[in-house]
Structures are given as C-alpha cells and as structure tokens.
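Let me put the structure up, and then we'll walk through a few computed values.

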Amino acid sequence: MTVLRDTVVKNLAEIEVKGDQDGLIPAFNVLVNNLPTAFWNNFAERMVAAVPADQRAAVVEGLVLSAYECGYHTGYGIITSDEFKSVVEPMVTEGAKDVLRGAFAVFTAWGWAKSGIVQLKEGERMVIRAVDYYESDSGGEGLRAYMINGISKAFFELAYASPYPDGMNTFNCKQTKGIENGDSFGEFVVEKK
Amino acid sequence: MALNLNFTFDDNTYRHYLNGELMVLHCHHYMALYTKLAEDMSDYGGPKILKESVEDAFLGFINQVVSDSSLSDPASRLAGGAELYSVLGLGTMEVSGSEAGGEVSLVRSHVDEGWKKKWGNNHKFINHFTCGYVAAMFSAAYGKGARTYDVNEVASIAMGEAKGRITVKQK
Amino acid sequence: MPFWIKEQRFVGNDSDNSLKGLVSLTNIPDLLQFLSLSGKQGVLKLHGNSMKVDGVVRIEDGILCHVSTARYTGLRALREIISLEDGSFMFTPGESSLDSNLDMPVQFAVMEAVRLNDEEGNGASVRRKEPAEGFDLFALGDDDINWDEDAFSLDEPPLAPKTITTGEASALPETKTASTPNIERNDTAQERSVHMPRRDSTEILSDLLKVPGVDAVVVSGRDGFIIESAGSSSRISIDDLGATIALTINGIEDMGSELEVGRFGDLFIEYGKAVILCKPIGDAVAAIIAPDASKLGIIRHKSKKLFEELTELF
C-alpha cells in the first residue's frame, strides 16, 4: 500500500473554508486566507512588469521565496495536522516518499495545482509535474509558476532536509516547463544545492 | 445579514470556486512576504501595485457576491463587502460612510496580525491589501468603477495600535 | 490485412499460390497472427539469415500444430523463430503431413513464447519494421528474393533435431545459410540507436500509440497521479483510471509481498474483447488500453523496447 491520491483528494477537496467569529482562519499553525487567484496573479504579473530588467530576477526571487516560506511552514502544519493524520497517514508505508505523495495530494485537493511526483530519488532529486495550475492563467512572459516552484522545494526539504524548522535552504528548485509558456504541463526539478 | 455563498469544486481541474470566482487558500506567510516584496519595491511603486491589484481582483468579485445575495441598496452592499472580508479570513471590519467616502475600523486583520507574527511591530503602514479591498468594496457598494476612491491607512495594528483605521474619500 | 501482404501477387506462375516475403519487412508474430486471423491452413517455412535458423510451422484453424527448427520443436522452436530479424518466409496453403508437436492457439502460443523470451532476456525483441515509403514487398519479382525452394521438403520435417548437434549453429546446411536475400535494406535506420539522446516521455508515448491495436496509453504514479496520457482516452475519466490503476497495483503488490514472490511484473486485465496491460516503469506504472485482446502478443512485442525507454525516465 502507498498513499492513494484519489482517496486524499476526495476526503479533502470538498471544503468550505470560512473565517471564524474574528474573521480569521487559524489552521495548520498559520492564519489561512481564501482569496481570488486573480489577485495573486495580478500582483506577480504587474510587479515583474514594473521593475527594470535588471531588477526582474530580484522580484521573481521574492515571489518564489514567498511561496517557499509559505510552503515550508504551512506544509509542516499540514503534514502534522489531524486531517493529514486521519486521511493520509494510514496509507503511509514508504516513509518520506509517501509523506511527499500525501503532501502533493493535499496540494492538489486544496486547489494550488493539480500536481504530483514524476521522479523521486530520495533525498537527492525530485521532478514534479503540474497539469493544471492557477498561475498558468497569469499574463506575462516566460515560466512564471513561482508558487509551485517555492512549494516544491519546501515540501522536499520537509521530507529530506534537517527536521523542521532547521532544514531550510538545502535544495534548489527550477521550473523547466510551463503551461503558461506553451508546454502541455508545468515541470519542476528539485535538486541539492 | 447572510451572504449567499456558493462554494464549488471542479473535480476535473481540482479548482475551487466561490460564487464563480476561482479561489485559492494561502497562509499569512505568503501574504506577509508579498506585502514585504511590495515594500521592498517601493521605488517602483510596489505598494500602489499591490493596492491596485487587490482592487481590480475584488471589484467584480464583491459585486458578484452582493448581487448573488440580493443586496441592492448601497448600505447593505457595503455591509456585504465587509462580511465577505471576514468570510475570506481577512479579519473583521466595521464600516461607515456614504458615496463620498467613509471610514473603516479594522478590529482584526489577517494582514497586520500575520505581519506581526512573522516580524513583530512595524514602523510604517503595511496594510496595502486592505486599502485595495476597501476601495473595491466602496466602488461595489455605490456602483462605481475602479480608482474612484482614495483609501489610506491612518492607524495600524501592525504598528502596535489596538485597531486599524482606514479613511476613504471619493477622488 | 496488413498493407505489406498482398496475397497471391507474388506468384511466379498460376500454379504457385504460396505467400512469400522478407522477414525484415515484418516480424514473425505479425505474420503468424495474420495467417491465423485470416483462417489460413498450411505450412509456413522460414529461413533466417543472420541467426542461421530455419523453421517450419503448421497452422490449422488458428491452432499451431507443428513448430520445428534445426534445434528445437514445439514452443521452444517457436521462441527461436519469433526472434528472427531477417531472412525470408514462404507460406503454402493446404494440408500437410507434418507431425503435431504443439496444440496451441496462435495468439496464446506467441504470447507465451514472448513471455518466456522476455523472462530469459534472450533478445527476442521483435522490431517494428516499416517498409520504406513507396516500397512494396509484393511488387517485387520472384528473382528479387533468393528463396531456396530446395531447402525444405514438405514431405518430411526439415532439419530434424536428431541430425543437428545442439548449439552448433555452424552445423546448419550451407545451402540455407547461403540464401541471403539480395535486397538492400537499412535496418539501422529503422531502429533507435543506443547512442541516441534520451527521448522525453511524450515522444515515447506517441510511439506506443503507433503500435497496432493500442488505443490509449496512460502513465500513472504509484499514488495514482496521472503523469501523462495519450490516445483516445477522452471517453474515460483519466483521473479515475489513475486511481483504479494505483488501487489495483497496490493490492497486487501487497499480495506479492504476502506470497513472497517479489514485485509484480505484468498485469493483464481482460474485459470482453478489450484488455488493459499494466507494466511497472521505474517507480510508475504504464497502462495500455487495447480494444482487441487478440493483439496482446503483438502489443507486448512491439512495446517492449518502448517500455524499457520509459523505465529510464521514471
């Protein structure tokens, strides 16, 4: 048995996340928000376009870093959450590999990207493929799935780097293909620095 | 007031929608870092870009939700916008005003509290996100287009105040 | 009927109703299946050049009744015959006095021979051979194929095992080894060189779809994530298929563990006439959907190299 993503998605996808009496959504040790993807895409696209060419890399790095930190902290909250323990953990038989499979199933279920693991060399390399993701709706040029890029790196570190919170910045992630760039899917390669 | 909210899920793309708008969950780290990026890019208009990105993304969405909730008069549409703010996990606001403008008191704030969780109190206003939201909310309430209102923070939870305060003025 | 077989055209005279051709332009499983599916009864004689193998096959009503080569008889001989990559063949319809040494439906026998060859890894990979554009094997004259009629006699089993020392290929009669077809061909141009750069999965899946009888191909992660798919899969929910594959393979692997028989190799699931073939490729699973289960042997043959390529990617 390994983690069956269909089971995870079906258990977690039909969510109606709403703010509590304070208008906040505390979950997974973070405050969650539920916003139109148009906002995230608008800002990324306009910010990249607004800066001179020599500043673009810095903006892109900032956008990826935002997702990376989000993925690292929220990802940890997710894989230690009651939801993960009840839905995913019973299917975990291959250790970190299955935890990663589960994390990407959750990532899919909650609408970040319909994505999963294509290749995995434990502790060394991982290739992620995303066949549908909201960042591909954005305008602009080139590969720009900053969020999946950062999250992929974060999840791999949670699985294979030093235990949370000491495992940051162990790996790199590079987007190699993108729907937004004319490819049929997005592809992300995580490797050791 | 109860908003008529319709959460849907596309089981082919696994995308989530609220009243037809494509939505996604993120956390305060993501929001705080986006805000920080806008601040760091102040020389290139980062805070303004952030504010306008919010206003443009939310104007149609708020209009849709208040219409789906059969809210037709401006006051109830304005209140509907404030309620939606809470539904989305952005915090709690008290709003008053007219077509000419008004004021918003932020009782709780995802943006400010998230910033403080991450970096502690700040020395200047950072809630550009909510300024953009409030601009969209007033425009939706009074049937205006984007960039109708000047919206500015005058008190900030992120700067240590108990409540945030935002002023709204028609341009 | 495959385009490369135009029955009765390759005739030297009115009385010659045999079917002749070059092995290099087709492959033996294709040929056997064609003869079987078209209800032929008769004897197929084969001569392999580079492998120095001659063989005789008798088919009746879709049943393989007799197979023999210089060294083997029965299924073992079939395994040797299907490995032929060059040479020539001639099928003569009609009854035969050849003894029966096998009694298996052609499809099943071919599949079984392929499976056994795969397991032993003895190079039974039958290449997909497409004639060069505009090339028509059966438009050639008799003289173009140097078929040695005298090499066989239908009256008695040729190359009786008792006359040949096992393993001594050089003991084959010279008359057969000399019968090299004089048609120039370029096999290497049809094959993927081992030195070619690694192809991406999309390209390989596209090649899998070209295998006759394959309707759709799906590559799924062990968790059921559909990594890639190709073909006419629009009528099915691809995600549901991925979930089903993952569930099935997990169950089968659990069973393999319980029985201590190792990891699963191939899985065939038949639904009426249709069949789904699942195969592990690295850490993923490939599933081929074929609407006609009778093509399974051919599909396995022709997809073998492509599966090996896919395994390198996952």
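So, chain C to begin: of its 314 residues, 51% count as buried, with buried meaning under 20% relative accessible area, using a 1.4 Å probe and protein chains only. Before I go on, this is a predicted model, where local features need pLDDT of at least 70, side-chain atom pairs count only at pLDDT 80 or more, and totals for chains, interfaces and linings use all residues. Residues are numbered from 1 along each chain as its sequence is written, chains are lettered from A and ligands numbered from 1 in the order written, and side-chain values use heavy atoms, leaving out hydrogens and water.

Chain C has eight helices and 11 strands (DSSP runs, H or I of at least four residues for helices, E of at least two for strands, numbered from the N terminus).

Now, Asn34(A). It sits in strand 2 of chain A, residues 30-36. Is Asn34(A) buried or exposed? Buried, because its relative accessibility is 7%. Skipping neighbours within four places in sequence, Asn34(A) is in contact (heavy atoms within 4.5 Å) with Val17(A), and also with Phe7(B), Met23(B), Val24(B), Leu25(B) and Leu88(B).

Key: Buried < 20%, exposed > 50% of the residue type's maximum accessible area, 1.4 Å probe, protein only.
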